[in-house]
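Hi,

Here is the structure I promised to send over.

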Amino acid sequence: MKGILFLGVLCVIILHFSINLIEVEAQSCNPSGKVRGTKPPPGQCNRENDSDCCKEGKMYTIYKCSPPVSSHTKAVLTINSFQKGGDGGGPSECDNQYHNDDTPVVALSTGWFNHESRCLKNITITGNGRSVVAMVVDECDSTMGCDSDHDYQPPCPNNIVDASKAVWKALGVPHSQWGGLDIVWSDA
């Protein structure tokens, strides 16, 4: 009798966790608000890698979340320089260091960055028929932008893997096509 009761309780616990897991995976990520663009002071918005500068008065959508992570999370790969003086702005959030553009490193949108929980961990990026492993070193901020802390660039969308040149090279993407590429990624 105790064995049957134990199995019944175990089944209820498993069912409870299964329902909660399904609810988490099914959660959507809706915008959290907007931020108003300000005109950057002269020379204050780094245009390296064709980075956008905020437009005065334009409203930019912000997010505190990202789509759920899976073994093949869809994202957009963008390009960023993590070197000192590059369009990434200051040192990386995870280690307060700059990183050479020849090192495969990335910044993830705020929700995926998840309060630094992926800091200095590797992810696998697949695109253009190839895969590469890169280390997460920074956040691509989806909650703020258009200020000096963010190099007067707009907030990141919520589905961005912002990658160094090394990642783009490893994926074999022709230089003329660098900038935005549909990819999938997963924790390595």
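Below is what turned up, starting with the sheet and ending with the salt bridges.

Keep in mind that this is a predicted model: local features need pLDDT of at least 70, side-chain atom pairs count only at pLDDT 80 or more, and totals for chains, interfaces and linings use all residues. Residues are numbered from 1 along each chain as its sequence is written, and side-chain values use heavy atoms, with hydrogens and water left out.

There's a barrel: six strands close up in the order S3-S7-S4-S6-S5-S8, with mixed pairing. (Strands are DSSP runs of E, at least two residues, and helices are runs of H or I, at least four, numbered from the N terminus; two strands pair if DSSP finds at least two bridges between them.) One of the pairs is S5 (residues 122-127) with S6 (residues 130-140), antiparallel over six bridges. In that pair, isoleucine 123 sits opposite alanine 134 of S6.

Then the salt bridges (a side-chain nitrogen of Lys or Arg within 4 Å of a carboxyl oxygen of Asp or Glu): the structure has two.

Aspartate 187 pairs with arginine 118, with 2.7 Å between the closest N and O atoms. Aspartate 187 is in strand S8 and arginine 118 in the loop between helix H2 and S5, so this bridge ties together parts 69 residues apart in sequence. Arginine 118 is buried at 13% relative accessibility, while aspartate 187 is partly exposed at 42% (buried is under 20% relative accessible area, exposed over 50%, partly exposed in between, with a 1.4 Å probe and protein chains only).

The other joins aspartate 102 to lysine 169, at 3.6 Å.

Cheers
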